[in-house]
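Here are some friendly notes to read alongside the coordinates.

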Amino acid sequence: GETAMKQAQQQKTFSVVLQKQNNIKFGKNVYINDRIPEERNEVELKCGFEEEDENEEEVLTVQDLVDFSPVYRCLHIHSVLGDEETFENYYRKQRKKQARLVLQPQSNMHETVDGYRRYFTQIVGFFVVEDHILHVTQGLVTRAYTDELWNMALSKIIAVLRAHSSYCTDPDLVLELKNLIVIFADTLQGYGFPVNRLFDLLFEIRDQYNETLLKKWAGVFRDIFEEDNYSPIPIVNEEEYKVVISKFPFQDPDLEKQSFPKKFPMSQSVPHIYIQVKEFIYASLKFSESLHRSSTEIDDMLRKSTNLLLTRTLSSCLLNLIRKPHIGLTELVQIIINTTHLEQACKYLEDFITNITNISQETVHTTRLYGLSTFKDARHAAEGEIYTKLNQKIDEFVQLADYDWTMSEPDGRASGYLMDLINFLRSIFQVFTHLPGKVAQTACMSACQHLSTSLMQMLLDSELKQISMGAVQQFNLDVIQCELFASSEPV
């Protein structure tokens, strides 16, 4: 079984090299006056096979590895006695029992790739032997018998793989399993056994592979967000500028014109997230290779899995981040700016997938990336959190208000707590200048409304039994101060 699978793999490698060679000769890369690429490729091909010949001087066949003489002797004896049918029945019955033993998986098979490899090689070995018996003896086994045996085996194999692969949490192991199933299927297909159901199973396993990838990348995104300092990326020279541009597609003519040192508007997590989304696309592509599917289908699969990464994994990581207690107002402002840049980068990710799969977006109806909605949702959540946190801050200041409601004379200036609050709001709205206009305006409106409601509640508090004229005048000074702040166009 192991030998048969090795040979099938070599055959496949040879076909791929041949395909590449033909592409170079007849494809796009034809050099009219220069035959170097072709010649180099031919040399590579020859070297490859000379090395292989040294390693394996002869190609081993099933006859070299298995002694069939006892079967032939039995068959000969029974045929001389005119009792072939008894031996045929006996042989088929025994082999069916042996097939069931071969198809029995080990309980811990899913833990290592070697467990799966042993399982596949013993099944291949069994069917290679049956195929040999079919071709060298007359009537001991028939094509109908081997087909029936294979169908029984296939159902069992698929059930076993479904059960065992569902325990797999490591994407690398799932990928190795997929490669084994492909070689297993190619080997048996070479012996004339139908394997379409195995490729259908691979589609199920692909969904599971994507699930394990999504889990892995959720951890990657969490780490990126935890390590970020949520302040614009500072750059002191051209080299640093080029490093950031090479990782993330950012274009801003105004920033280019500025002299060093300068700052990118987004924080460190943006290029890291972008790189990781590309890494995910590569990891997802690894599974789609050699599944005997068209480029269009592979392109579609990649877009769908990338959409899941954006709309489910990255989206929930962003929402969890926004709701964390240590994320303050300045961090929220930076997160809103970050999501704007990630949203703009989505079109570059679409181009990236198109380049990998060579599918022209004009000719084929391709699935769009709905990353845009992910970043819009995150932005709305961050905006909502800004309004909430701002109101909480206002409440903290208002709690410091300590009016003497029986004072005879006002202080002649606004209360200290209110001046501190207004200075805080001024500095915060300074930070908000980087936000989209509407967000900053809404935040300012919401803050002023919340403050006026809080002041009104203070005045109408049921605990308050009497108010002197002096206290009313003092309170009025504070309200005037609020009006001055509002009319100074803080945003």
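1. Let me begin with Lys376: at 38% relative accessibility, lysine 376 counts as partly exposed. The scale used throughout is buried for under 20% relative accessible area, exposed for over 50%, and partly exposed in between, with a 1.4 Å probe and protein chains only. Please keep in mind that this is a predicted model, in which local features need pLDDT of at least 70 and side-chain atom pairs count only at pLDDT 80 or more, while totals for chains, interfaces and linings use all residues. Residues are numbered from 1 along each chain as its sequence is written, and side-chain values use heavy atoms, with hydrogens and water left out.

2. What does lysine 376 pair with? Its partner is glutamate 343, in a salt bridge whose closest N and O atoms are 3.4 Å apart; the term means a side-chain nitrogen of Lys or Arg within 4 Å of a carboxyl oxygen of Asp or Glu. This pair links distant parts of the chain, since glutamate 343 belongs to helix α14 (residues 329–357) and lysine 376 to helix α15 (residues 371–398), 33 residues apart. Helices here are DSSP runs (H or I, at least four residues), numbered from the N terminus. Glutamate 343 is buried, at 15% relative accessibility. Together with Arg379, Glu343 and Lys376 are linked in a network of salt bridges.

3. The salt bridges in the whole model come to 14 by this rule. Another of them joins the side chains of arginine 162 and glutamate 204, at 2.7 Å from N to O. Arginine 162 sits in helix α7 (residues 143–165) and glutamate 204 in helix α9 (residues 196–227), so this pair ties together parts that are 42 residues apart in sequence. Both ends are partly exposed: arginine 162 has a relative accessible area of 42%, and glutamate 204 has 38%.

4. Lysine 6 is partly exposed at 45%, whereas glutamate 2 counts as exposed at 51% relative accessibility.

5. Helix α1 (residues 2–26) also holds alanine 8. Is alanine 8 buried or exposed? At 18% relative accessibility, alanine 8 counts as buried. The C-alpha atoms of alanine 8 and isoleucine 183 are separated by 6.9 Å, although these residues are 175 apart along the chain.

6. On the surface, Glu238, Glu239, Glu240 and Glu256 gather in a patch of negative charge. Members of such a patch have over 30% relative accessible area and no salt bridge, and like charges are joined within 9 Å, with the place of a Glu charge taken as CD. Helix α10 (residues 238–247) gives the most to this patch, with 3 residues. Glutamate 238, which lies in helix α10, is partly exposed with a relative accessible area of 40%.

7. Finally, the cysteines. How many disulfides does a search of the whole structure find? The search finds 0, a disulfide being a pair of cysteine sulfur atoms within 2.5 Å. For cysteine 482, the nearest cysteine sulfur is that of cysteine 448, 8.0 Å away. Cysteine 482 counts as buried at 14% relative accessibility, while cysteine 74 is partly exposed at 32%.

Terms used:
Patch = residues over 30% accessible without salt bridge, like charges linked within 9 Å, V, L, I, M, F, W, Y side chains within 5 Å. Areas by Shrake-Rupley, 256 points an atom, 1.4 Å probe, with all protein chains shown as cover. Lys, Arg positive; Asp, Glu negative; His and termini not counted. Helix = DSSP H or I, 4+ residues; strand = E, 2+ residues; numbered from the N terminus.
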